[in-house]
Amino acid sequence: MTDILVLYRYKQVNDLKMKNPALKTLLAMGGWTAGSLAYSNMASTFENRKEFIESSISWLRKYDFDGLDMDWEYPANRDGKPYDKENFALLCKVTFPLYG
């Protein structure tokens, strides 16, 4: 998909809020095909987690999403690191209150 088409789809999804003001939309990332390497690197340090949190919040606000569905399947597997589970838990703990 081209960037223009992706942005058009974002708008289509979020325009549904005009029909249902109670609707909450989430932007999904990851899934089975994404593997773990990118997530493992992102969650591995405080600086990387901070950059991800700040940029994801900015992206969600820019495109009018209400939240993020981060589908990191099987941390520590599929090219991940043994410490991924702990880093994922830390990422979630730090991220959750900031998305409020």
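Trainee: Is D66 buried, exposed or partly exposed?
Mentor: In this predicted model, D66 counts as partly exposed because its relative accessibility is 35%.

Trainee: With which residue does D66 form a salt bridge?
Mentor: The partner of D66 is K17, and their closest N and O atoms are 2.9 Å apart.

Trainee: Which parts does that pair tie together?
Mentor: K17 belongs to helix α1, whereas D66 sits in the loop between α3 and β2, so the pair ties together parts that are 49 residues apart in sequence.

Trainee: And K17, is that buried or exposed?
Mentor: K17 is buried, because its relative accessible area is 15%, and the cut-off for buried is under 20%.

Trainee: How many salt bridges does the structure hold?
Mentor: There are four salt bridges. One of them joins D15 to K11, with the closest N and O atoms 2.8 Å apart.

Trainee: Where do D15 and K11 lie?
Mentor: Both are in helix α1, which covers residues 3-19, and they are four residues apart, about one turn of the helix. D15 counts as partly exposed at 29% relative accessibility, and K11 counts as partly exposed at 48%.

Trainee: What about E54, which residue does it pair with?
Mentor: E54 forms a salt bridge with K50, and the closest N and O atoms are 2.8 Å apart. These two residues lie in helix α3, four residues apart, about one turn of the helix. E54 is partly exposed at 46% relative accessibility, and K50 is partly exposed with a relative accessible area of 39%.

Trainee: Let us turn to α3 itself. How many residues does it have, and how far does it reach?
Mentor: Helix α3 has 17 residues and spans 24 Å from its first C-alpha to its last, close to the 24 Å expected at 1.5 Å a residue.

Trainee: Which residues of α3 are buried?
Mentor: The buried residues in α3 are R49, F52, I53, S56, I57 and L60. Seen down the axis of α3, its buried residues fall within an arc of 120°, so they line one face of the helix.

Trainee: What is on the face turned away from the buried side?
Mentor: That face of α3 carries the exposed residues E47, E51, R61 and K62.

Trainee: And what covers the buried residues?
Mentor: The cover over the buried residues of α3 includes β1 (26-30), α2, β2 and α4 (84-99).

Trainee: Changing topic, how many residues are in the largest nonpolar core?
Mentor: The largest nonpolar core has 15 residues, and those with the most contacts inside it are L27, M42, F52, F65, L68, M70 and L91. Two or more residues come from each of α2 (37-43), α3 (46-62) and β2 (67-71). Of the elements, α3 gives the most to this core, with four residues.

Trainee: What does F65 touch?
Mentor: Not counting residues up to four places away in sequence, F65 touches Y10, V13, N14, K17, T25, L26, L27 and L60. Among these contacts is K17, the residue that forms a salt bridge with D66.

Trainee: Thank you, that brings us back to the place where we began.

Methods: Residues numbered from 1 in each chain as written. Predicted model: local features only at pLDDT ≥ 70, side-chain atom pairs only at ≥ 80, totals over all residues. Heavy atoms only, no water. Core = buried A, V, L, I, M, F, W, Y, C linked by side-chain atoms within 4.5 Å. Buried < 20%, exposed > 50% of the residue type's maximum accessible area, 1.4 Å probe, protein only. Contact = heavy atoms within 4.5 Å. Salt bridge = Lys/Arg side-chain N within 4 Å of Asp/Glu carboxyl O. Expected span 1.5 Å × (residues − 1). Arc of directions from axis to C-beta.
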